[in-house]
Amino acid sequence: MRTRIELTFRQTAAGDEAEAIMRRCVHCGLCNAVCPTYQLLGDERDGPRGRIDLIMQVFEGRPWTEATREHLDRCLHCAGCETACPSGVGYTRLLDIGRAVLARRPRPLADRLRRAALSRLLPRRRLFGWALGLARWSGPLAPKLLGVRVPPRARLRSPPGTELAPFEAEPVLMPSGCVEPVLAPGIRIALARVLAVLGMRVEAVDIGCCGALSHHLDDFHASRRAARRTIDALSAALDRHGARSVAVTGSGCTAFMCRYASLLADDPDYAGKAARVAQATRDPAELISPYREHLRAATADGAAARLVYQAPCTQQHARRLRGLVEPLLEAVGHTLLPAAEAHLCCGAGGAYSLLQPTIAGALRARKLGHLCAETPDGIASANIACITHLSDPQAPPVRHWLEWLAPRLRGGA
Ligand code: SF4
Ligand code: SF4
């Protein structure tokens, strides 16, 4: 694609990077076929090719309006287009650069206030816990006033049972995060349980938000602050425990933390530490996969379930980790069922379902329809945003895959 970058962006790091990415695009449109918003809305500007054109328009100094921003806001950051692109266009990075340029012009007041409130509430575990408790206490009032679904209280699963003696010399760090421990504390318990059964030592590290939520909300300063704080805490813990791996249960957080190196490449004080933490960050499926036979051997007798796996976009597109989780669930006796359109986003997208409820709701209904087609006993996923978004009293229970796996192990519950 030919570009005529405006003088103000010439020879700036952002301008050069954006131009290099945009030039790779050959306008073939293959990405539109896998883009959930284009599939749903049918507007070129709500697909990746059109959004690249809109970003180019900004970098070429052509006038842009709030409608331009709205088309970019409707993007789920699912990276499905990046996986499908034959030219290797780094769409996600381009979108980040474009959003940062647009953010220099303030949003309308109501939008600013809504985003500021979410950016302050969601990453603060205690505050979020209180707000959630209040919303649950209010019964149907909060959903009616705020237009959001309030997830039911989590039931703790997988209390510790008998474990093998530790055989891995290095411990695995398990950071706490922000929203997940409030909404589903059983996920980290399940991870600790599975790693313990495999003989791995787990060291919990108390950190707050990794920065992904603020990044979603265009609060780039807060996001970088949270990333630096996380990097400091994890660097110290890696040194203290002699560890090399950080197991992060939320695939959205894993994907964001794996990008620390590029996000902080311009910060001389953090670039090195950011690269180290990014390199150490692992999806639990990456750590557990080599031990599939151990899982099989440690599996308890009793009824397993017919499950369908919903691979979050951050796992299957951003991290390109496909087909790792399903064999682990099968190893402990569960049956995995197929689902159509497995590549399409469910509409959760971090805070997306709160900011774009109509599109998110339509994608949710479509995804649940596919997931429930074979009448499974349950739905497994790997990200708290997807789990919360897809949970529905009329549908089978949606849990993290670790919560389906851990109770199948001897000593699990
Ligand atoms: S698939 Fe890649 S090259 Fe083709 S239009 Fe989309 S971004 Fe451009
Ligand atoms: S990231 Fe997802 S929603 Fe956004 S343009 Fe790409 S495929 Fe479409």
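Is Glu 341 buried, exposed or partly exposed? I counted C-beta neighbours inside 10 Å and found 14, so Glu 341 is partly exposed. The scale I used calls a residue buried if 20 or more other C-beta atoms lie within 10 Å of its own, exposed if 12 or fewer, and partly exposed in between, with C-beta atoms placed from the backbone.

**Basis of the entries.** I worked on a predicted model, in which local features need pLDDT of at least 70 and side-chain atom pairs count only at pLDDT 80 or more, while totals for chains, interfaces and linings use all residues. Residues are numbered from 1 along each chain as its sequence is written, and chains are lettered from A and ligands numbered from 1 in the order in which they are written.

**Positive phi values.** I noted phi near 50° for Glu 341, a positive value in a residue other than glycine. Glu 341 sits in the loop between strand S6 (335-337) and helix H21 (352-355). Helices (H or I, at least four residues) and strands (E, at least two) are DSSP runs, numbered from the N terminus. His 27 also has a positive phi, near 65°, and is not a glycine. I placed His 27 in the loop between helix H1 (13-24) and helix H2 (36-41). His 27 is exposed because 9 other C-beta atoms lie within 10 Å.

**Ligand surroundings.** I listed the residues near each ligand, meaning those whose C-beta atom, placed from the backbone, lies within 6 Å of it.

Around ligand 2 I found 13 residues, of which Cys 35, Pro 48, Cys 75, Cys 78 and Cys 81 come nearest. H2, helix H3 (48-59) and helix H5 (80-84) each give two or more residues to that shell. Its classes are 9 nonpolar, 3 polar and 1 charged.

**Domains.** The domain assignment, automatic or from a database, gives domain 1 (7-102) and domain 2 (291-408). Their C-alpha centres lie 29 Å apart. I recorded 12 residues from domain 1 and 13 residues from domain 2 in the contact, where two residues are in contact if their C-beta atoms, placed from the backbone, lie within 7 Å. On the side of domain 1 that touches domain 2, H2 and H5 each supply at least two residues. That side divides into 6 nonpolar, 4 polar and 2 charged residues.

**The sheet.** I traced an open sheet of 4 strands in the order S2-S1-S3-S4, with parallel pairing; two strands pair if DSSP finds at least two bridges between them. Strand S2 (202-205) and strand S4 (281-282) are the edge strands, each pairing on one side only. Strand S1 (172-175) and strand S3 (245-247) share 2 bridges, and Val 172 stands opposite Ser 245 in S3. Helix H11 (186-197) packs on the sheet and touches S1, S2 and S3. The direction of H11 makes about 170° with that of S1, taking axes as lines fitted to C-alpha atoms, for helices over the stretch in contact, and angles from 0 to 180 degrees between N-to-C directions.

**Ala 274.** I located Ala 274 in helix H16 (271-280). Ala 274 counts as buried because it has 24 C-beta neighbours inside 10 Å. Leaving out residues up to four places away in sequence, Ala 274 touches Ile 231, Tyr 260, Ala 261 and Leu 264.

Key. Nonpolar A, V, L, I, M, F, W, Y, C, P; charged D, E, K, R; others polar.
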